Each structure stands twice: as structure tokens, then as C-alpha cells.
Amino acid sequence: MFDVSMRRPLGAAGPRAAGGREPALEYRVVHGHRRAFRRAGQGPALVLVHGIGDSSATWAELIPGLARTHTVVAPDLLGHGASDRPRADYSVAAYANGLRDLLTTLGIESATLVGHSLGGGVAMQFAYQFPERTERLVLVSAGGVGREVTPALRLVSLPGAHLALSALRLPGMRTQVGLAIGLMKLLDTDLGQDAPDLLHLVDALPDATSRDVFVRTLRAVVDWRGQVVTMLDRCYLTAGMPTMLLWGDRDSVVPVRHAHRAHEAMPGSRLEIFEGAGHFPFHTDPARFLALVEEFTRTTAPADWSRDHWRRLLREGRPRAHPDLPEAAVRELREASRRSAT
């Protein structure tokens, strides 16, 4: 969920070359707050949801390629990018509500949602709150599966985080952080896989307001023990909804075992692992990411939810027995009953 990235140039075979120039930011005022977004293409709607500390710019190199067959919308979540940063509710459920309202103003009634890290949790929450408006789910290194998360995020959730983040802006700190991250990359650590993205953290929180939003958003999903919210307790509700999980096998932020756990808990889901990739597989191998999303949306029919179907799933509830799940996943499901996303 540490989604602050430096944009990596793509080669001639990348999405930019295939689709042309990246779209400029547009704006809508919703509930009195300006929300920024990028929009391109025509066809079925595809919504790209970034993670904490990031913005729609994280998808910029992929949007032109995806826009060849879709109407692509990539918002800057409230408090991120070029969107306003009010004193507001920055919970996952609030982000899902805000996404619904933005899409409504754009005349989009249903869409395939692609969510990265925190954005994966937002996409899953959107599908839970508004199943009739969700056609498919693509969850990328998504938060909200298990408690484990990088210790750095747990530390930032503690009191005094504002001072620690402010210290990153002191003269010379960027150089020191860059050297530390460069060493991790040189040593081929998992955390080093995302070194360019993590280094940009120093630049992504330029003022006190940005730092306050970051901490508020983080504390809504993470505390000193790890991730607070979960989607495992309601993964059974995705039965009948095309779902694809994309993960890097060297993700040090949200470990890849969460991908396997979610795959086991989500009936009929598809799992694709990016070997050698960290928390940003769509930066590491954008061509493969683009091909997978295009193939997935082309070969699956959108979910068609009715109130009767949703009522039946809720009444039946989560299966009591889990004969096919590993013991670790069973323990997570039990824990999920005590910490729910809503």
C-alpha cells in the first residue's frame, strides 16, 4: 500500500507506443470538493484505482493501451494527487462511496474495477456496497486480505508519525533515503524491487496537509499490529463475479501469500503471479499487465447481479467448513469475523 512512484519509461512495445499520448487531468466537483481524474477511450468502462500516497499518474503509461477497447477512468482519490484534501472521512467505505458518486456524474452506471494496494481494497469494498454496478474485479497487490504488512506502514500509523514524515523534508534527507534504498536494491532485497517508487515518497508529501491525509488514510486501514480491515469474511460474495488477482512474488509491502489466500477464498477467481516483481507489477512488466487485463475483460462476461441473487448469497452466508483451504487461511477467516471492513 506504499504507493508513491516514480514513473518508469516504457519501451517501444509498451502501452504508450500502442495507444498514444497519456490523457490530461479533468475535474469534477462532488459534494463541494474538486476531484481530479483521467479519462480516455470508448467502450465498456474500466476504472483504475490507485493506492495510498499515489495518484492516477501511476496508471498513465497503461491508459492509452487500455483505452483502445475501453472507456478508461482513473481518479485521484480524495486527498491524493490533484484532488482536494479536506478534513474528511478517508476510510475504505468512504472512498467507495466517493468513487460511486464520481462515476455517476460521468454517466457511468457499471464498470470493471482495477485496484492496486489500498485501491484493491476500495475496489472490493465498492463491489460489496454496489454489486449491481460492478462488472469485474482486478485486484493488484491488494490490501485487506491478511494482517501482515510492511513494518514501515505499521510504524507510520503510530503517534508522532507527522513529525517523522516532516523530517523526510529536511535538507539532505532525500539523499540519505535514496542511498539506503539504493543499497537495498543492490543487495537484491524484496524491498529493493520497488526502490524507485519508494524513493519518490520523499517528494510525494510536500506539505503538512498532504502528510495529514496520508496518516489519516493509513490509520483507517493499518495500526501497529498490521492491517485492520479485511475482505476475507465476505469473499464468498464474489461467486459469479469475474475476479482476477495480480501479484508480484517479491512484494515486501503486501506479501504474495495474501494472493494465494484470497484466491482460495474467492470462488472461481484467477491468479497471475509476476515473477521477480515487487509491489508494483504493472510497473515491472506493463506489457504483460496490459495483455492480461485486455484478455480478462474480453473473455469473461460481466457480472449481472440481481437483488434476489444478492439476498440469497447473504442468507446462505459464508460456508462454515473450508475443506480446501490451508489452515492459515482458515485462521484468517476466523480472525476476519472479528475485524470487518464495515
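Colleague: What should I know before reading the numbers?
Modeller: The model is predicted, with local features needing pLDDT of at least 70, side-chain atom pairs counting only at pLDDT 80 or more, and totals for chains, interfaces and linings using all residues. Residues are numbered from 1 along each chain as its sequence is written, and side-chain values use heavy atoms, with hydrogens and water left out.

Colleague: What makes E1 and E10 edge strands?
Modeller: Strands pair if DSSP finds at least two bridges between them. Strands are DSSP runs (E, at least two residues), and helices are too (H or I, at least four), numbered from the N terminus. The open sheet has the order E1-E2-E4-E3-E5-E6-E9-E10. E1 (25–30) and E10 (270–274) each pair on one side only.

Colleague: How do you know that E1 pairs with E2?
Modeller: Six bridges join E1 to E2 (33–40), and the two run antiparallel. The cut-off is at least two, so they pair.

Colleague: Why is H3 called roughly perpendicular to H4?
Modeller: Axes are lines fitted to C-alpha atoms, for helices over the stretch in contact, and angles run from 0 to 180 degrees between N-to-C directions. Roughly perpendicular means 65 to 115 degrees. H3 (92–105) and H4 (118–129) pack at about 70 degrees, with axes 8 Å apart. So H3 is roughly perpendicular to H4.

Colleague: Which residues make that contact?
Modeller: Contact means heavy atoms within 4.5 Å. Among them are Val92, Tyr95 and Leu99 of H3, and Leu118, Val122 and Phe126 of H4.

Technical notes
Angles under 35 degrees count as roughly parallel, over 145 as roughly antiparallel, 65 to 115 as roughly perpendicular and the rest as oblique.
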